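This briefing is for a reader who is meeting the structure for the first time. Please look over the sequence and the model shown here before reading the points that follow.

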Amino acid sequence: MMSIIYTMTFGSFIGFAACFPLAIKVIFGYQHVMVDGVMNHDIANPNGPSALMYAWTGAFIGALIRPVGGMIADKFGGAWVTHICSFVMVISAGGVAYYMKAAYNSATPEEYFVPFLIIFLILFAATGIGNGSTFRTIAHVFPKEQVGPVLGWTSAVAAYGAFYIPKVFGEQIKATTPEVALMGFASFYVVCIMINWWFYLRKDGEFYNP
């Protein structure tokens, strides 16, 4: 269960860090216009933002805020902080999906870039804080002699986020529906909310440790 939850936080962080520049380039670097009745996504957008200029921002914020997540979790509880971060991630992923869809169907996608960027950075921040809070939960749920191996295992599993998130996003770009990828991730986060509540926040839960 912790591997799944850690995949939500750390896995999303490294996965989004990989596909964030691609999203900027593909969605905002081209105009999306009808040509002979068919939507065309190959016309360069002269007003599009530079992917290189913003590519580092998400990973920077997520990494910078991770220790803050640990400190907040020490004060309020790891499972509770993870729970709140999960809701923020669901809402943020939905917001990113909305602006992705709007931009990917617009001849002037740059008009939607600022809200897209802000919401995506909030999503990155939530993954960073959740990363720290999940570490705290692991340290309190497992015996001391198991904490190290568990952290190694969950990190290894979550590292696949660097593969499956860009993979899913790339496939949805080919299908001209990049927003579907974010909605799929949001659905996964909803599942993680239920897992976190059932095992770690529910007072009758087997590993209750808010």
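This is a predicted model: local features need pLDDT of at least 70, side-chain atom pairs count only at pLDDT 80 or more; totals for chains, interfaces and linings use all residues.

S106 has a relative accessible area of 10%, so it counts as buried, the cut-off being under 20%. Its place is in the loop between α3 (78-103) and α4.

**The chain as a whole**

- The secondary structure consists of seven helices and two strands.
- Read from the N terminus, the elements follow the order α-β-β-α-α-α-α-α-α.
- The radius of gyration is 18 Å, which agrees with the value near 17 Å that a compact globule of 210 residues would have.
- Along the principal axes, the C-alpha atoms fill a box of roughly 65 × 30 × 25 Å.
- Of the 210 residues in the chain, 47% are buried.
- Among contacts with a separation of 6 or more, 78% are between residues 24 or more positions apart.

**Helices α6 and α7**

- Helix α6 covers residues 161-174 and helix α7 covers residues 178-201; their axes come within 6 Å and cross at roughly 140°.
- On the α6 side, the contact is made by Y164, I165, V168, F169, Q172 and I173.
- On the α7 side, the contact is made by P178, V180, A181, L182, F185 and F188.
- By type, the residues of this contact divide into 11 nonpolar, one polar and no charged.

**F169, in helix α6**

- F169 is found in helix α6, and it is one of the residues through which α6 meets α7.
- The relative accessibility of F169 is 1%, so this residue counts as buried.
- Beyond its neighbours within four places in sequence, F169 is in contact with C19, L22, A23, I27, M100, P178, A181 and L182.
- P178, A181 and L182 in that list also belong to the α7 side of the helix contact.
- F169 and E179 are 10 residues apart along the chain, and their C-alpha atoms are separated by 8.6 Å.

**T176, in the loop between α6 and α7**

- T176 lies in the loop that joins α6 and α7.
- T176 is not a glycine, yet its phi is positive, at about 60°.
- Most residues other than glycine have a negative phi.
- With a relative accessible area of 40%, T176 is partly exposed.

- T137 has its place in helix α4, which spans residues 113-141.
- T137 counts as buried because its relative accessibility is 2%.
- Leaving aside neighbours within four places in sequence, the contacts of T137 are M2, G78, A79, Y200 and N209.
- A126 also lies in helix α4.
- The relative accessible area of A126 is 5%, so A126 is buried.
- A126 touches C85, V88 and M89 when residues up to four places away in sequence are not counted.
- Between A126 and V180 there are 20 Å in space, C-alpha to C-alpha, and the two are 54 residues apart in sequence.

- Which residues does S106 contact, leaving aside its neighbours within four places in sequence? They are Q31, H32 and Y112.
- S106 and G184 are 78 residues apart along the chain, with 23 Å between their C-alpha atoms.
- P143 has its place in the loop between α4 and α5 (144-158).
- P143 is partly exposed, as its relative accessible area is 36%.
- P143 and G62, 81 residues apart in sequence, are 28 Å apart in space, C-alpha to C-alpha.

Key: Residues are numbered from 1 along each chain as its sequence is written. Side-chain values use heavy atoms; hydrogens and water are left out. Axes are lines fitted to C-alpha atoms, for helices over the stretch in contact, and angles run from 0 to 180 degrees between N-to-C directions. Helices (H or I, at least four residues) and strands (E, at least two) are DSSP runs, numbered from the N terminus. Contact means heavy atoms within 4.5 Å. Ala, Val, Leu, Ile, Met, Phe, Trp, Tyr, Cys and Pro count as nonpolar, Asp, Glu, Lys and Arg as charged, and the others, Gly among them, as polar. The radius of gyration is taken over C-alpha atoms; the globule rule is 2.2 Å times the number of residues to the power 0.38. Buried means under 20% relative accessible area, exposed over 50%, partly exposed in between (1.4 Å probe, protein chains only).
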